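Please look over the sequence and the model, and then read the notes on charged pairs and nonpolar cores.

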Amino acid sequence: MTKPDRIYFDNAATSWPKPEAVYQAVDDYQRRLGAPAGRAAYADALEVENLISGTRRALAQLIHAPQAEHIVFTCNGTDALNMALLGYVRPGDHVVTSVVEHNSVLRPLRFLRESRDVMVSYVECDIPGTVDPEDIRRALRPQTRLIALSHASNVTGALQPVEAISQIAREAGVALLVDAAQSIGHVEWDVRQVPVDFLAASGHKGLLGPLGTGFLYLRPEMAKDVLPSRFGGTGTQSENDTQPDALPHKFESGNLNVPGIVGLGAGVRFIAERGIDSLRQHEQALTAQLVEGLSEISGIQVYGPPHSEQRVGVTSFSVEGIEPQEMAILLDSAARIQVRSGLHCAPRMHEALGTIARGGTVRVSTGPFNTARQITTLLECLQELFAARNVST
Ligand SMILES: Cc1ncc(COP(=O)(O)O)c(C=O)c1O
């Protein structure tokens, strides 16, 4: 029997496949150039430096950042979040966050609570996973230094009202860190329209770059208040042993992940060419088809906002009588459909949804290369699994 084609629905973890241009860019760098960036004067090294600057500029354009130097390359979204949280929050400060957050926000905050006497308030969400901005306002205290919030939930896909939250942060004179891991590349981001102090993002999810890429955008006026957490060679000011103050070098020590960043540049250009609006329409159509189809299968409960404009292409569901893990294995073995199961590194979110005891949810997350036909196959497969189960019980 021939193996069925892989149907990959784990794009919220990392996107696959990548655009052809991403594979080509990585391959070209590895085979033809292979030199470090920003450290040498020979022509191939300068070409590499130009490629790195090109990705930086493409990211700055994507989010409408005024200066490309304020885009700092990181290993992933987690690294960018750690950079902002550990570098900006001081002992005795208060941070407002939410139960929606991923462990890449929750764990650094837990570390700050335990090691630096930082106080943290966790604002609740409603069942679709949306935070009320007024709850954020109410949680502010005189010692609040930062609001740290994800833009889109990696469990229900719910988009947070960042505009209102940005307004609240500005009125209160509190910094805002947005975790855009699940929204970048999926929805338009404009830091001039929605001012943020820090925007942390993965490069390997919605931006379609290789694993091992991410970035942190720092609002120009904020960078001086952030301490670096890594020190080392930057290829600049090599005559002294203090870390340079200028961005991006203040936060980019050691050799960069050049193959990853070059691939990320190709991913961002692919998105710019396709246009976020058209990618979003595709994602919304797939999500609407999926949510409607799941809602018609009895025994399945779907989580997340009812309207596709209130969410990204991340949908969680639970199945009566079947553990999420078992469901994921069944789908893979029946039709090579690859979904995520469990808590998705967001334990407080599952507590809020009431899904902790049943081992979390099954999560389907789409990307630009998923098709309506693949969603239909998933829905048909679920129906067949249900029918088989009903016959055997
Ligand atoms: C909401 C959210 N924040 C942060 C991260 C961490 O991103 P990365 O995998 O790039 O470290 C993830 C990853 O799934 C996420 O979903």
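**Salt bridges and nonpolar cores**

Glu252 and Arg56 join their side chains in a salt bridge with an N to O distance of 2.8 Å, a salt bridge being a side-chain nitrogen of Lys or Arg within 4 Å of a carboxyl oxygen of Asp or Glu. Glu252 sits in the loop between β8 (214–218) and α7 (258–274) and Arg56 in helix α2 (residues 43–63), so this pair ties together parts 196 residues apart in sequence; helices (H or I, at least four residues) and strands (E, at least two) are DSSP runs, numbered from the N terminus. The model is predicted, so local features need pLDDT of at least 70 and side-chain atom pairs count only at pLDDT 80 or more, whereas totals for chains, interfaces and linings use all residues. Residues are numbered from 1 along each chain as its sequence is written, and side-chain values use heavy atoms, with hydrogens and water left out.

- Glu252 counts as buried at 7% relative accessibility, where buried means under 20% relative accessible area, exposed over 50% and partly exposed in between (1.4 Å probe, protein chains only).
- Arg56 is also buried, with a relative accessible area of 10%.

**Other salt bridges**

- The structure holds 18 salt bridges, and one of them joins the side chains of Arg340 and Asp10 at 3.6 Å, N to O.
- That pair links distant parts of the chain, with Arg340 in strand β12 (residues 340–342) and Asp10 in the loop between β1 (7–8) and α1 (20–33), 330 residues apart.
- Arg340 is partly exposed at 29% relative accessibility, whereas Asp10 is buried, with a relative accessible area of 13%.
- Asp10, Arg340 and Arg363 are linked in a network of salt bridges.
- Arg137 forms a salt bridge with Glu171, and their closest N and O atoms are 3.0 Å apart.
- Arg137 lies in helix α5 (residues 133–139) and Glu171 in helix α6 (residues 162–172), so this pair ties together parts that are 34 residues apart in sequence.

**Nonpolar cores**

- In the largest nonpolar core, which has 92 residues, Ile63, Leu146, Ile184, Trp189 and Phe198 touch the most other members; such a core is a set of buried Ala, Val, Leu, Ile, Met, Phe, Trp, Tyr and Cys residues joined through side-chain atoms within 4.5 Å.
- Domain 1 (7–17 + 275–392) and domain 2 (20–274) both give residues to this core, so it lies between them, the domain bounds coming from an automatic or database domain assignment.
- Apart from this core lies another, of 25 residues, among them Leu294, Ala335, Ile337 and Val362.
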